[in-house]
Amino acid sequence: MKAKRSRRGAPRRGAPRRGEPSARERLVETAIELFYQEGVRAIGIDTVVERSGVSKSSLYRTFASKDELIAAFAKEQDRRFWQWWGETIRRFDGSPRAQINALLSGVAKQIASPQFRGCPFINLAIEFPSRQHAGTAIACGNKREVRRRLRDLSREIGAHDPRQLGDRLALLIDGAYGHATTLGAARLKRELIETARLLIDAQLAN
């Protein structure tokens with residue numbers, strides 16, 4: 001959600017009117033847009049302030065440092081990711097294999113978007129390799145949770161080795177993110193579904 005702009009096109013500054021997003025919401029939303037599209041290190045605080053329409057003093061009252069803003073960005077991306085995950089699988093309650101296929105189809109749709117710039121969690125971990133960084137810790141936690149949930153789905157479909165299958169499905173998804181970033185998303189949906197089918201069938205074979 002972008003900051004409300006004046007008639008001249010500049011973001012409106014000052015306290016939000018009733019019903020408008022708070023300064024924190026505007027800052028985080030702007031960080032999501034800029035950090036994801038341009039990279040976290042490439043975007044300075046001044047750019048976030050200018051684009052959001054929030055004053056620098058308000059920013060530092062909300063976030064003590066850029067690192068705190070990065071952590072808030074990562075936390076919100078994580079929240080949105082799990083919201084998407086829940087909405088995706090809820091349509092196929094009781095059918096774990098259909099849920100896996102829906103997740104892979106959803107990933108294929110994401111990476112085919114013109115706005116796709118890679119997995120935000122992988123991108124963040126690359127920019128800030130220290131696992132002690134608050135944003136990177138959230139990114140790594142997201143990846144661990146993806147594996148855990150895919151292992152659970154693998155167990156529900158009766159896989160011989162749910163841990164192995166879940167981890168391989170997670171690797172397949174992250175591989176798709178990388179492939180789309182470097183070589184494009186053409187035919188990836190079919191390849192994702194087909195590769196997952198082979199992995200799952202091998203685990204279910206007698």
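Modeller: Let's go through it feature by feature, starting with the overall layout. Keep in mind that this is a predicted model.

Biologist: Fine. How many helices and strands does the chain have?

Modeller: Count the elements before anything else. Here you get 9 helices and 0 strands. Read from the N terminus on, the order is simply α-α-α-α-α-α-α-α-α.

Biologist: And what share of the chain is buried?

Modeller: Buried residues are 44% of the 206 in the chain. Among contacts with a separation of 6 or more, 63% join residues 24 or more positions apart.

Biologist: Which residues of H9 are buried?

Modeller: Leu-188, Leu-192, Ala-196, Ile-200 and Gln-203 are. They take up an arc of only 90 degrees around the axis, so they sit on the same side of H9. Helix H5 (96-111) and helix H8 (162-183) are among what covers them. On the face turned away from that buried side, you'll find exposed Arg-190 and Ala-202.

Biologist: Does H2 work like that too, or otherwise? Which of its residues are buried?

Modeller: In H2, residues 45-52, the buried ones are Ile-45, Val-48, Val-49 and Ser-52. Looking down the axis, they fall within an arc of 100 degrees, so they line one face of the helix. Their cover includes H1, helix H3 (56-62) and H4. After H2 comes Gly-53, with a positive phi near 80 degrees.

Biologist: Which residue has a positive phi although it is not a glycine?

Modeller: Arg-187 does, at about 65 degrees. Look for it in the loop between H8 and H9. With 57% relative accessibility, Arg-187 counts as exposed.

Biologist: What about Asn-142: buried or exposed?

Modeller: Asn-142 is buried, at a relative accessible area of 2%. You'll find it in helix H7, residues 134-156. Leaving out residues up to four places away in sequence, Asn-142 touches Asp-78, Phe-81, Trp-82 and Phe-121.

Biologist: Last one: how do I read a pocket?

Modeller: Rolling a probe the size of a water molecule over the atoms shows where empty space is left. In this model, the largest pocket holds about 560 Å³ of space. Helix H1 (23-38), helix H4 (66-90) and helix H6 (120-127) each give two or more residues to its lining.

Biologist: Which residues lie nearest the centre of that pocket?

Modeller: The lining has 17 residues, and Tyr-36, Gln-77, Arg-80, Gln-110 and Pro-120 lie nearest the centre. By type, the lining splits into 9 nonpolar, 6 polar and 2 charged residues.

Terms used. Residues are numbered from 1 along each chain as its sequence is written. This is a predicted model: local features need pLDDT of at least 70, side-chain atom pairs count only at pLDDT 80 or more; totals for chains, interfaces and linings use all residues. Side-chain values use heavy atoms; hydrogens and water are left out. On a 1 Å grid over the protein atoms alone, a cavity is a set of points where a 1.4 Å probe fits but cannot get out, and a pocket is an open set with protein on both sides within 12 Å along at least five of seven lines; lining residues have an atom within 4 Å of a point. Grid points are joined across faces, edges and corners, and a volume is the space filled by probe spheres set on the points. Helices (H or I, at least four residues) and strands (E, at least two) are DSSP runs, numbered from the N terminus. Ala, Val, Leu, Ile, Met, Phe, Trp, Tyr, Cys and Pro count as nonpolar, Asp, Glu, Lys and Arg as charged, and the others, Gly among them, as polar. Buried means under 20% relative accessible area, exposed over 50%, partly exposed in between (1.4 Å probe, protein chains only). The arc is that of the directions from the helix axis to the C-beta atoms. Contact means heavy atoms within 4.5 Å.
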